[in-house]
Amino acid sequence: MNQNALLSIVNLHKTLIGNHILQGIDLTVEQGEIHALMGGNGAGKSTLIKCLSGYWSIDKGSIKVNGDPLQPGAKQIAFVQQDLGLIQSLSVAENICLGVGYQTGALGNIRWREMNAAAADLLASLGHAGIDPRAEIGRLNLVQRTAVAIARATQGLKDGAKLLVLDEPTAALPSTEIGALFETLERLRATGIGMIYVSHHLSEVFRLCDRISVLREGKLISTETTRETSEADIVELMLGRKLQKTIKSPVQKGQETAEQVLSLTGVCGQRTKDINLTICKGEVVGLTGLQGSGCTELAEIIFGAHACQAGQMMLEGQPVVFAHPAEAVLAGIGLVTEDRHGNGSFAEASLGENITATNLNRFFRKGWLNGTAEAAEVDGLVADFNVQPPNGRRRFSSFSGGNQQKAILAKWMRLNPKLLICDQPDVGVDIGSKNAIYAALRNAAANGAAVILISNQHDDLEAICDRVLIMRSGRIVAALSGAEATEHNISLATIGTQAPVGELIQ
Ligand SMILES: Nc1ncnc2c1ncn2[C@@H]1O[C@H](COP(=O)(O)OP(=O)(O)OP(=O)(O)O)[C@@H](O)[C@H]1O
Ligand SMILES: [Mg+2]
């Protein structure tokens, strides 16, 4: 074991409610090293990181930073937590300063102007000059919130920490933002900062990280040097078996029927312009575009969460206007949002309650089922979606991030919607579960639903979707179907550097 390591973890054990979650972890991070931490949902990555942050005390073992024992409150490590750890009701600048303390003047007054200016500078240096330091966190989108969490962590580094820990920092980032984040991290690495980087994305890890440690069921299975290993080897270490090449051909694509579920003509929102589309029973339609292209807004318009300013929407041939998402839910539309913490879940309720309640249960007379029927139904869904551990009575917040995501999808599937819209449903889920989620979407389509899948993963869109619609600047600019809907063509049409292939819509 290297005594000069920036971080050295020796024989760490942690038990939570009687479960031995981390079992004898040994891990070192050197100066100027980006060290990936990988493993399936529930493997223990976030728990290990919470031991480093002092959120959990450890049962056994030692953690040393630069040779010194980890001390609570000593700010030896800077963090970007999986759920970002921001306080919704505080401003951007207040959140950034939380870790390091507010700047005060001679009279003890808080120096707001300086604080806001410093926050703005920091964000600008990360390529986010557009974020207002006085804005409340709750009003920012996920990309902006991630930027604030990263700014806060780098602020901690300025304060002397030499180790930065990032738990799935790119989970909410579109591919265009990832490059900028990596540049920032590479710059930090060049200054000797060491990092732990948690991610489910092999391609990112292989591009960025120097070494990769793999956790499985609470044990550190292996630490590999990136240059000397392969993606297939890492997957095998994570799963304990070889992955069949399921991502490319997860399930049989369905037969398109002519029965229209949704049709939009000339629909406009704040940013979306003149949207025309129809989706039929049994279809999975992909929707993709760069950040800000309008995919999420379009989903929200269909779901009644965003005003439809012009045009017409028809559901099963009937004109509809939804003033509120509750009306869309009653009409048979489901939306799995990209932000599971914001509008997808109740952290303190049990997982089962999260599955059987919709957000909008006050609009349902019988929103809560009777106890036993409910428990049986939850057990079934927990098994179908491979939620781990399979115990619906546990508090939602005690499940790992990827398992929470699976439960939210189960909640919406359970309502058997006519139209199911999934906005990045694979965020934070591991490779095995991602295939299960996609199979569930195909299955819903096979049972007669129409499915819209919003995703930035063009290879997945190719594998799953019957058709893929590409949005740019609020408009649908291309539609690719059948053999045309390849990863390559989807990427070209998304970036828009070449004439989109396939049918041009406008
Ligand atoms: N507060 C808690 N109480 C009890 N058990 C917990 C708690 N938090 C996590 N666990 C359990 O610890 C195990 C590891 O969870 P953890 O969140 O560390 O996984 P992870 O590797 O980060 O997964 P993911 O990729 O889904 O984020 C899981 O079995 C989880 O259910
Ligand atoms: Mg986690």
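This note reviews the fold, the nonpolar cores and the salt bridges of the chain.

1. Basis. The structure is a predicted model, in which local features require pLDDT of at least 70 and side-chain atom pairs count only at pLDDT 80 or more, whereas totals for chains, interfaces and linings use all residues. Residues are numbered from 1 along each chain as its sequence is written, and side-chain values use heavy atoms, with hydrogens and water left out.

2. Secondary structure and contacts. The chain contains 15 helices and 21 strands; these are DSSP runs numbered from the N terminus (helices H or I, at least four residues; strands E, at least two). Among contacts with a separation of 6 or more, 67% join residues 24 or more positions apart, a contact being heavy atoms within 4.5 Å.

3. Burial and surface. Of the 506 residues, 51% are buried. Buried means under 20% relative accessible area, exposed over 50%, and partly exposed in between (1.4 Å probe, protein chains only). The accessible surface is about 22,300 Å², with 48% belonging to carbon and sulfur atoms; areas come from the Shrake-Rupley method with a 1.4 Å probe, and for residues only the protein chains shown count as cover.

4. Nonpolar cores. A nonpolar core is a set of buried Ala, Val, Leu, Ile, Met, Phe, Trp, Tyr and Cys residues joined through side-chain atoms within 4.5 Å. The largest has 74 residues, and L262, I302 and I333 have the most contacts inside it. Beyond its neighbours within four places in sequence, I302 touches residues including L262, M313, F322, I333 and I452. A second, separate core of 48 residues includes A147, A161, I193 and L208.

5. Salt bridge R467–E283. The count of salt bridges is 12, each requiring a side-chain nitrogen of Lys or Arg within 4 Å of a carboxyl oxygen of Asp or Glu. In one of them, the closest N and O atoms of R467 and E283 are 2.9 Å apart. The pair links distant parts of the chain, 184 residues apart: R467 lies in strand β19, and E283 in the loop between β12 and β13. R467 is buried at 18% relative accessible area, and E283 is buried at 0%.

6. Two further salt bridges. K418 pairs with E316 at 3.4 Å, N to O; these residues are 102 residues apart, and each lies in a loop. K418 is partly exposed at 33% relative accessibility, as is E316 at 41%. K434 and D460 form a salt bridge at 2.9 Å, N to O, linking helix α13 to helix α14. Both K434 and D460 are buried.

Methods: Chains are lettered from A and ligands numbered from 1 in the order in which they are written.
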